[in-house]
Amino acid sequence: MKNPIILCSRCYSTKLQLPKCNVKAPVYKGMSYEEMVSIRKRNLNPTLSTLYRKPLAFYKGSKQWLFDLDGNRYLDMFGGISTISVGHCHPKITKVLTEQSDTLGHVSNVYFHEKIHEYAKRLADTMPGNLKCVYFVNSGSEANDLALLMARAHTGKYDIFSLKNCYHGMTYQVMEMTSLSTYRFSVPGSPGIYKVSMIFLFRRK
Ligand SMILES: Cc1ncc(COP(=O)(O)O)c(C=O)c1O
């Protein structure tokens, strides 16, 4: 492993060093960076934007640590939504995932399977009051889409107000709620969604 690098935008005169770590990253033997760039251009859609001209490529993670193709170690301050809670490859999570993949992969919701019940109960037990009914979805976009449907079905009303400059996801309906030019296309949007400005509390406008 090379010298650990700290990921920060400014390095003052003192050279920062990462704390020691006992994770050993094996030597990377996979696809080259150049090949990834070439495949991206040919086979991946352009909406997979990276924000960087030459983004880092990682191949191994362990809790708060990430390793790039050259074995450099990074402290992952915020890598991705699904690693916020316990970081990368947490042994407890890896263990249960492996056990489940070895036992049963998928069962349609028209049949019963123990795990969804166990998970729903454990989640519901953490919630206050009568918040006891769980809907599982795969993403924030789906959750917002479902919330929209539920609100309309429950109230029998259709119009929705969403705040300008907020992000709500990228399914058809919530993209209309999103109201940020970077996430819009020149196609007709989902109807019944109105954008309102955020009240600036401090100026009382
Ligand atoms: C506030 C908010 N709403 C909705 C979403 C959409 O979630 P997803 O990308 O899981 O569809 C995000 C994702 O970053 C979000 O931050």
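K63 is located in the loop that links β1 and β2. In this predicted model, the phi angle of K63 is near 50 degrees, a positive value in a residue other than glycine.

- Most residues other than glycine have a negative phi.
- K63 has 15 C-beta neighbours inside 10 Å and therefore counts as partly exposed, since the partly exposed class lies between 12 or fewer neighbours (exposed) and 20 or more (buried).
- C89 likewise has a phi near 50 degrees, a positive value in a residue that is not glycine.
- The position of C89 is in the loop between β3 and α2, the latter spanning residues 91-103.
- C89 counts as partly exposed because 15 C-beta neighbours lie inside 10 Å.

**The antiparallel sheet**

- Strands β1, β2 and β3 form an open sheet in the order β1-β2-β3, with antiparallel pairing.
- β1 (58-62) and β3 (73-75) are the edge strands; each has a single partner strand, so one side of each is left without a neighbour in the sheet.
- On average, neighbouring strands of this sheet are turned by 30 degrees against each other, direction ignored.
- β1 is joined by four bridges to β2, which comprises residues 65-68, and the two strands run antiparallel.
- Within this strand pair, K60 has F67 of β2 as its bridge partner.

**The parallel pair β4 and β5**

- Strand β4 (residues 160-163) and strand β5 (residues 193-196) run parallel and are joined by four bridges.
- S162 stands opposite K195, a residue of β5.
- From β4 the chain passes through helix α5 (residues 172-178) to reach β5, and this β-α-β crossover is right-handed.

**Surroundings of the ligand**

- The ligand is surrounded by S139, G140, S141 and N144, together with Y167, H168 and G169.
- By residue class, the shell around the ligand consists of six polar residues and one nonpolar residue, with no charged residue.

Note on methods:
Residues are numbered from 1 along each chain as its sequence is written. This is a predicted model: local features need pLDDT of at least 70, side-chain atom pairs count only at pLDDT 80 or more; totals for chains, interfaces and linings use all residues. Two strands pair if DSSP finds at least two bridges between them. Axes are lines fitted to C-alpha atoms, for helices over the stretch in contact, and angles run from 0 to 180 degrees between N-to-C directions. A residue is near a molecule or strand if its C-beta atom, placed from the backbone, lies within 6 Å of it. Ala, Val, Leu, Ile, Met, Phe, Trp, Tyr, Cys and Pro count as nonpolar, Asp, Glu, Lys and Arg as charged, and the others, Gly among them, as polar. A crossover is right-handed if, with the strands pointing away from the viewer, the path from the first strand over the helix to the second runs clockwise.
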